[in-house]
Amino acid sequence: MTGGMIEDGATAGLAGSTELAILGGPKAFAERLHVGRPNIGDRSMLMQRMAGILDRRCLTNDGPLVREFEQAVGEFVDVRHCVATANGTLALQIAIRAAGLEGEAIVSPLTFVATAHALRWQGITPVFCDVDPRTHNLDPARVEDLITERTSGIVGVHLWGRPCAIDELTALAERRGLALLFDAAHAFGCSHRGRMIGGHGNAEVLSFHATKFVNSFEGGAIVTDDGDLAERARLMRNHGFAGYDDVRSVGTNAKMSEASAAMGLTSLEARDDFYAANRDNYEAYRAGLEGVGGIELIAYEEAELCSRHYVVIEVDESAALSRDELRRVLWAENVLARRYFFPGCHRMEPYRSAFAEAGRELPEAERLTDRLLALPTGTAVGPATVAVVSDLIRRAMADGRRLRRQLQTTAPLDGDLAARGGS
Ligand code: T4K
């Protein structure tokens with residue numbers, strides 16, 4: 001690649017400069033390139049919807065756009081019930097309560113901490129189970145080993161949008177009389193054996209956070225075919241109110257606002273553009289990283305519908321640079337690659353103190369939290385940017401020894417030293 005600025009929309013990059021920034025060269029990107037820049041749909045449609053909200057003076061509390069959004073999401077993922085919420089974390093908390101979880105629930109440690117917190121927030125102990133290193137998701141054989149008389153349920157996470165071992169977990173949950181929930185925050189718009197994620201287990205939970213494939217600024221949803229569970233969730237979402245003065249259960253305020261639903265609908269309508277942009281970026285990364293020693297791009301099933309919203313590489317321990325060293329090289333170039341998910345939930349409080357031995361019992365998760373690095377994608381970047389990022393990774397790995405020496409003389413990034421504690 002020859003030197004010079006290239007552009008593909010919102011970002012521009014300096015391709016093939018002579019020296020990497022960590023060695024004193026210019027930064028490849030003048031502006032920071034983030035993981036998680038929101039996908040934005042049709043602005044005029046959004047503004048039209050916002051004007052309608054103001055005209056109607058109906059801002060929240062189960063308004064018409066929320067109902068329309070629930071209908072659209074339910075149809076898209078092919079479930080009978082969708083209960084939209086203010087965010088994915090509240091949706092998790094409500095699904096957990098509506099499914100009757102108590103005591104202990106088995107969950108993956110390799111997830112955003114919200115999955116574990118949603119349990120713990122309600123006095124339920126998350127029991128962390130190791131993952132399958134090929135899928136990064138719960139290993140069903142190990143789940144069975146962790147079931148005790150206190151276990152009430154399993155919470156699987158479809159990490160990166162790659163489905164859990166749904167069939168095995170479903171059979172196990174049925175056999176052992178456990179509730180089965182899926183945190184599908186990463187998996188909206190993905191399918192498993194031709195069926196959309198959303199319709200499995202007792203319920204699945206979606207996130208429409210700004211950083212997600214489809215966003216509603218902030219938002220989430222519980223999707224299920226179980227009418228009773230949906231009814232309980234709907235009540236809990238609004239303090240248990242069934243009518244003006246009729247409170248039937250404990251509840252909270254987890255209602256989605258009309259403004260969020262407006263963004264959610266607009267974003268959902270643009271999903272084909274988002275799929276296409278992510279596919280182009282993913283393919284550009286695949287081409288750009290081909291043959292780079294010690295780097296493996298996570299793979300997605302070609303036969304399934306998949307958002308490819310996460311571009312994640314695994315950096316092998318034997319590679320010329322470690323994951324953290326590579327991250328420092330990229331940050332110096334203004335490429336803010338993220339360590340999703342580091343450290344594992346079991347190394348965050350309050351879990352780290354409560355389960356001091358957890359680290360030793362989760363060897364695969366431990367290994368992965370040291371290897372995974374998420375790279376920028378989505379509609380805010382394009383293949384030309386991806387080519388520059390890939391080229392930086394290729395050059396960094398090719399010059400690993402020299403870079404490693406240089407890194408020993410430069411300050412670590414914030415959090416490199418602090419994040420990992422415990423055993
Ligand atoms: N389960 C799983 C498996 C999840 O991944 C999540 C959320 C949940 C449950 C809970 O769902 P929600 O309650 O969030 O609906 C981010 C998100 O805040 C979080 O929603 C998400 N997972 C997680 C994977 O990523 P951080 O701490 O990395 O966020 P932050 O602020 O560093 O944002 C990431 C980058 O995105 C920023 O560097 C810049 C960019 N960004 C972000 C926002 C919010 C923008 O460009 N514009 C924006 O508006 O957690």
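Q: How many residues surround the ligand, and which are the closest?

A: Count a residue as near when one of its heavy atoms lies within 4 Å of the molecule. Here 24 residues surround the ligand, and the closest are Arg 37, Thr 89, Asp 183, Ser 207 and Tyr 340. This is a predicted model, where local features need pLDDT of at least 70, side-chain atom pairs count only at pLDDT 80 or more, and totals for chains, interfaces and linings use all residues. Residues are numbered from 1 along each chain as its sequence is written, and side-chain values use heavy atoms, with hydrogens and water left out.

Q: Which polar side-chain atom lies 2.4 Å from an oxygen atom of the ligand?

A: The 2.4 Å pair belongs to Tyr 340. Ser 207 places a side-chain N or O atom 2.7 Å from a ligand oxygen. Lys 212 has a polar side-chain atom 2.8 Å from a ligand nitrogen.

Q: What is the average pLDDT of the protein?

A: pLDDT is the predictor's confidence in each residue, from 0 to 100. The average is 93, and 94% of the residues score at least 70. Residues 1-5 stay under 50. Residues 419-423 are also below 50. Where pLDDT is low, the predicted coordinates should not be read in detail.

Definitions and conventions
A polar contact is a pair of N or O atoms within 3.5 Å; within protein, one must be able to donate a hydrogen and the other to accept it, and residues adjacent in sequence count only if both atoms are side-chain atoms. Contact means heavy atoms within 4.5 Å.
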